[in-house]
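Biologist: I'm new to reading structures like this one. Could you walk me through a couple of features?
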Amino acid sequence: MGQKIAKRHADKGVCLYRQRLFKEALTEFEIACRKLDKNDDLFAVLNYMCLVYMDLGRYHDVLVCAKRQAVASERLEQKSLQLEATFNMARAYERLGEYRTSIALCNRCLVTGKPPEMSPLSGYTHLCLGDNFYGLSDVKKSLKHYDRSSHVARVLCDSVLECRVYLGLGQVFESLQDHVTALQHFSRASEIARQFTADHPCEKLQRRVDVELAVVYGKLGRVAEALEICEEAMKVALCNADRPVQARCLLNFAEIHRERHDYQTAYPRYQSAFSIAVETGDRKCQLDVISGMALSAFDAQDLEQAIELNEKGLSLSKELESKLEMLTCHRRLCDLYMCLDLHEISTVHGFHVRQLLRELQLHCGVCGDVIGEKDEKLRPLPCYHIIHERCLVHLYRPTSSTSLPLQRRRPCPTCRHRTSSNPVSEGDVDA
Ligand SMILES: [Zn+2]
Ligand SMILES: [Zn+2]
């Protein structure tokens with residue numbers, strides 16, 4: 001008898017979730033969870049709760065539910081459910097900026113689960129790995145996993161996965177200041193997301209893509225378009241209690257005001273974005289806010305405040321192991337301490353800049369210049385090393401002395417250099 005009532009609560013929760021009445025849905029799911037005594041029923045309800053918490057940006061709660069799923073699936077001794085729980089945990093850890101833990105769980109999904117190469121689990125796990133390596137600023141590995149995920153998406157005709165891959169790729173190129181390529185990827189993601197109708201479970205992707213599009217438009221000086229898209233995304237995010245998108249929109253508004261030197265208007269928006277990011281547990285977003293505020297302080301000639309914020313950004317980026325952000329902070333601190341004639345400290349930061357550039361392999365294999373310092377079109381090679389697009393022409397050479405127009409491409413200079421100096425090639429395991 002009690003079980004019937006519990007299931008009724010669960011069904012009601014699903015209906016409410018479909019109507020996007022998240023709070024009400026959660027109440028029903030909570031009641032169902034307390035009463036259900038069959039582990040498979042419990043697992044299914046917890047799955048819905050993970051989805052709701054993910055939509056709301058309550059990542060700590062996603063993790064709690066995923067861990068309860070793991071316990072339930074353990075008791076059921078069902079491998080497919082155990083993998084699903086592991087994947088849900090990986091997803092939550094990624095959002096919380098616990099990239100290494102998330103990667104370990106993804107690898108567990110792929111290694112112990114051995115899902116078929118062309119299965120949704122494999123596709124989404126590679127997507128999650130791509131997102132994690134993007135978080136760790138490992139561009140090469142993130143591109144590799146997005147590529148695999150994209151392949152699965154195409155074979156399975158999974159437009160949600162395809163959209164998410166473009167979103168991830170756009171973010172990678174955006175982080176390397178290649179706004180044009182980022183825009184291409186975000187535009188592809190947007191085209192796909194537009195096809196999702198209002199009742200599609202992933203209609204939220206539209207506003208997630210839009211806010212990233214707005215960021216790029218802002219960087220490309222298309223401010224009116226950026227504002228328009230961002231205002232629309234904010235409106236929809238407020239209607240849907242979508243906290244992560246609200247935070248990104250506020251940050252974007254702040255950045256636009258900063259570019260206009262209107263720091264008074266920018267400041268409260270940075271603060272609101274930061275408090276939402278603290279509430280959701282999204283440390284990457286917190287870092288982006290601190291970075292923007294540091295630039296604001298520098299532009300307003302408040303060097304002490306700029307130093308303080310960059311130091312704060314540096315320690316958070318170290319916690320996250322986000323090396324591109326560490327690089328940015330060291331670069332700025334190097335300049336700031338130099339401005340204050342504190343040469344010794346400045347030199348230390350300069351040393352870290354050079355070290356990180358080497359670690360991140362951010363030198364174009366062809367011309368040797370640093371990648372990601374200024375807005376420039378980039379090109380990934382089949383090995384996922386990145387070079388300037390303008391340097392691509394130097395990788396082609398005529399095949400013979402005949403006048404045939406056929407050309408053969410030279411191998412990637414970075415790979416060739418690494419294999420000749422180090423005969424042990426890089427392994428394929430991303431532990
Ligand atoms: Zn180059
Ligand atoms: Zn290479």
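This is a predicted model: local features need pLDDT of at least 70, side-chain atom pairs count only at pLDDT 80 or more; totals for chains, interfaces and linings use all residues.

Biologist: Is Cys412 buried or exposed, then?

Modeller: Cys412 is buried, since its relative accessible area is 9%.

Biologist: Which protein donors does the zinc ion (ligand 2) have?

Modeller: Cys412 and Cys415 each give their SG, and so does Cys383, while His385 gives its ND1; these donors lie 2.1 to 2.3 Å from the zinc ion (ligand 2). Along the sequence, their spacing reads C-x1-H-x26-C-x2-C.

Biologist: How do I read the angles at a metal?

Modeller: Ideal angles for four tetrahedral donors are 109.5 degrees. Here the four donor atoms of the zinc ion (ligand 2) make angles of 102 to 118°, and the site is tetrahedral.

Biologist: Now the helix. How many residues of helix 9 are buried?

Modeller: The general idea first: an α-helix has 3.6 residues a turn, so residues three or four places apart point the same way. Helix 9 covers residues 159-175 and reaches 24 Å from its first C-alpha to its last, close to the expected 24 Å. Of its 17 residues, 12 are buried, including Leu161, Tyr166 and Phe173.

Biologist: What do the buried residues of helix 9 pack against?

Modeller: Their partners include helix 7 (120-135), helix 10 (179-194) and strand 1 (378-380).

Biologist: And what happens at the ends?

Modeller: Asp158 caps the N-terminal end of helix 9, with a side-chain oxygen 3.2 Å from the backbone nitrogen of Val160. After the helix comes Gln177, with a positive phi near 70°.

How values were computed:
Residues are numbered from 1 along each chain as its sequence is written. Chains are lettered from A and ligands numbered from 1 in the order in which they are written. Side-chain values use heavy atoms; hydrogens and water are left out. Helices (H or I, at least four residues) and strands (E, at least two) are DSSP runs, numbered from the N terminus. The expected span of a helix is 1.5 Å times one less than its number of residues. Buried means under 20% relative accessible area, exposed over 50%, partly exposed in between (1.4 Å probe, protein chains only). Contact means heavy atoms within 4.5 Å. A polar contact is a pair of N or O atoms within 3.5 Å; within protein, one must be able to donate a hydrogen and the other to accept it, and residues adjacent in sequence count only if both atoms are side-chain atoms. Donors are N, O and S atoms within 2.8 Å of the metal (3.2 Å for Na, K and Ca); water is not among the atoms, so sites may look incomplete. Four donors count as tetrahedral if all angles lie between 85 and 135 degrees; four count as square planar and six as octahedral if opposite donors are over 155 degrees apart and all others between 65 and 115; anything else is irregular.
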